[in-house]
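Dear colleague,

I am handing over the structure below, with its sequence.

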Amino acid sequence: MSTRPTAPSGHVDGLRPDDPTVLEAPEAFDPPAPRASSRRPPAARGPAGSAPETGPDEAPKADSESGAGTVSGTGPGDVPEAGQETGADARPAGAASAAGSAEPAGAAGFAGAAGAAGAGPRAAWLALLVRSWRQLTSMRTALVLLFLLALAAVPGSLIPQRNLNPMKVEEYFAEHPTLAPWLDRFSAFNVFGAPWFAAIYLLLFISLIGCLWSRVHWHARALFTAPPKAPARPGRLPGGSTWTSPLDAPDAVDLARGALRGRRFRVAVAPGDARRPDGSPDHSVAAEKGYLRESGNLVFHLALVALLAGMGLGSWFGYQGTVLVVTGNGFANTLISYDQYSGGELVDAAGLPPFSLTLDQFSASYQDNGQPADFRADVSYQSDIGSPVRTDTIRVNHPLRIGSAKIYLIGHGYAPHFVLRDPAGAVVWESYVPCTPRDGMFTSTCTVKIPDTGLPPVGERQEPQQLAFSGVFTPTTVLDPGHGYVSTFPAARAPGLTLTGFVGNLHLNEGIPQNVYAVDTRDMTQFPMTGPAGEKWIAQVVALNNPGQRTLTGLPGGLSLEVDGVREFATFQTKSDPYKGLVLGASVVIILGLVASLRVRRRRVWVRATPLDGGGSTVEVGGLSRSDAQGFAAELAALSEEIRLDTTEAEATADDTTAADTTADGAAADGEKPAAVMPADPVTSTTISATSEREP
């Protein structure tokens, strides 16, 4: 006794009819794909005499040629599943499972050849290679890699990145001196350029390409393949219907074809010389609709590959640089102008577009609670050497475009102006020094390093005497009894600066890189100063807006330091990505493909007309859907009703017209005036015609 096969994944329950005569051949729905049989030939199965023997030159017959009514691997009484797909859905030899995996054509043959070659090292490596490729290009692996890629991108959004804001990275190192070095070893501050992130990215790219290669090929073949022919009894499928029609079978099929095409089905009518297995003429129509679902699915994945390719190409041919600019200063698009620069492998750093930019004014507005309201940087720029000067305004998320590059505003802060004078009052050194913001009120840390002070070297090694100052800048300064001087508002309403001085060797002339936002005090000595707080204090507080409280004296060598003003600075990021258009287009296509794959339903409808001995025909309509069984049931019912009306109403109208003509002719022959012929009610006529055909 044959076993009942299980419905494949994606099909609704109950698609297999109870009557085996519904399907008259295994090809009624989908012809089984030719597969390389792993079973031994009948002659090698031993003395079980059930299988015929074959000669050495005679190949055994394929399962698909075993005859009508049988399927490979089943008994004569078994019935193929009604929901089985055709064309592109029939997987060729060596194809992966229905989960979406794919492998190159002939991979199964390679595996078989490797097994036949013996257990040598070459065969083992070949088998391992085939299995590895099959596993890598499976849909399950692609999903796992996609999940890992999303998981790997999480640290990039939680931890500050050097290519975006190096100042935040320095703050993180200062706040987490133990954890930060360990995170830096695993490239946590440059996640999207880390080797482990690139490995996941590359494996996902290869997996998607291998997975989609065969699916695109199969789907392209399916688009040009006729729908599968109608089963023997489509009316016995779930939701099917059967009725008798006074029309001949070819006429009923022709009307059904018109109704299906009116609903935009792809229709295939059986040829006029087509025959059924019993030798009778085949009057049937096969129609299908919803291939856009699979097309949308493939477009979605192809666009995803294009998105990944655009991002990869952008990292090769793109560059970005970060620079801090104090109001009144500017920068040029050169490598030495940037505080932080990263370029693709194929970018010539010496050949960057020669534009320049100057920060004319930076302004920030805040709400009453200190929350930011707006930031704007008014700039003037030249797009090329000798080109006219233009002006523009850069805001957050409103960058300035110069050629293929965009300049973004990513940060701002304050830069007090320091002036160092000798005992005679001459200026020894002066500069605007940016301070690093620490909180929302823009309490900032300032580090001042003065290598050339004019002080004589000391000691046997004649080490230079250099000055350094470390302090805290507060835009709106208020004295808190518990915390000292703090800032209560981010705008510079009452700027103040708390300073501590050091003298000694900063090791700035030794060529060893060091943090510009920290002071190395190993070979330095802290000294007291005289200022607004009093004489010989280690820490002094200066008020930048008060000329009498912004100068510090008593420095080594009779020097004095004045903080006479403050300007705002802006942090700009220059970014060039020549493939951002490809990324944008792929993102749009991804959305469209996803909508199509989720909204479109795949369904098939069959109509078969069987001639009756006394004239007319029996019309059967049935269909199957791969998803949304309830919605398809309503659509199939409406379509069946339309075909039923078309195949019964036309003949009923013709019969009424013939009867009216006969009555009129009879009345004329009797010399009577013919009565007016009333138009027949289509509904009544259809009902009478259908009833009369069912009467014995």
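**Helix packing and a pocket**

The crossing of α9 and α10 is left-handed, that is, the near helix is turned anticlockwise from the far one by less than a right angle. Helices here are DSSP runs of H or I with at least four residues, and strands are runs of E with at least two, both numbered from the N terminus. Please keep in mind that this is a predicted model, in which local features need pLDDT of at least 70 and side-chain atom pairs count only at pLDDT 80 or more, while totals for chains, interfaces and linings use all residues. Residues are numbered from 1 along each chain as its sequence is written, and side-chain values use heavy atoms, with hydrogens and water left out.

The axes of α9 and α10, as lines fitted to C-alpha atoms over the stretch in contact, lie 7 Å apart at an angle of about 160°, on a scale from 0 to 180 degrees between N-to-C directions. α9 is therefore roughly antiparallel to α10, the term for angles over 145 degrees. Their contact (heavy atoms within 4.5 Å) includes F300 and L307 of α9 and V589 and I590 of α10. By class, this contact has 16 nonpolar, 6 polar and 1 charged residues, where Ala, Val, Leu, Ile, Met, Phe, Trp, Tyr, Cys and Pro count as nonpolar, Asp, Glu, Lys and Arg as charged, and the others, Gly among them, as polar.

The axes of α3 and α7 come within 9 Å and cross at roughly 150°, which means that α3 is roughly antiparallel to α7. This crossing, too, is left-handed.

The second largest pocket holds about 1,500 Å³ of space, filled by probe spheres set on grid points joined across faces, edges and corners. A pocket is an open set of points on a 1 Å grid over the protein atoms alone, where a 1.4 Å probe fits, with protein on both sides within 12 Å along at least five of seven lines; lining residues have an atom within 4 Å of a point. α9 gives the largest share of the lining, 11 residues.

With best wishes

Note on methods. Angles under 35 degrees count as roughly parallel, over 145 as roughly antiparallel, 65 to 115 as roughly perpendicular and the rest as oblique.
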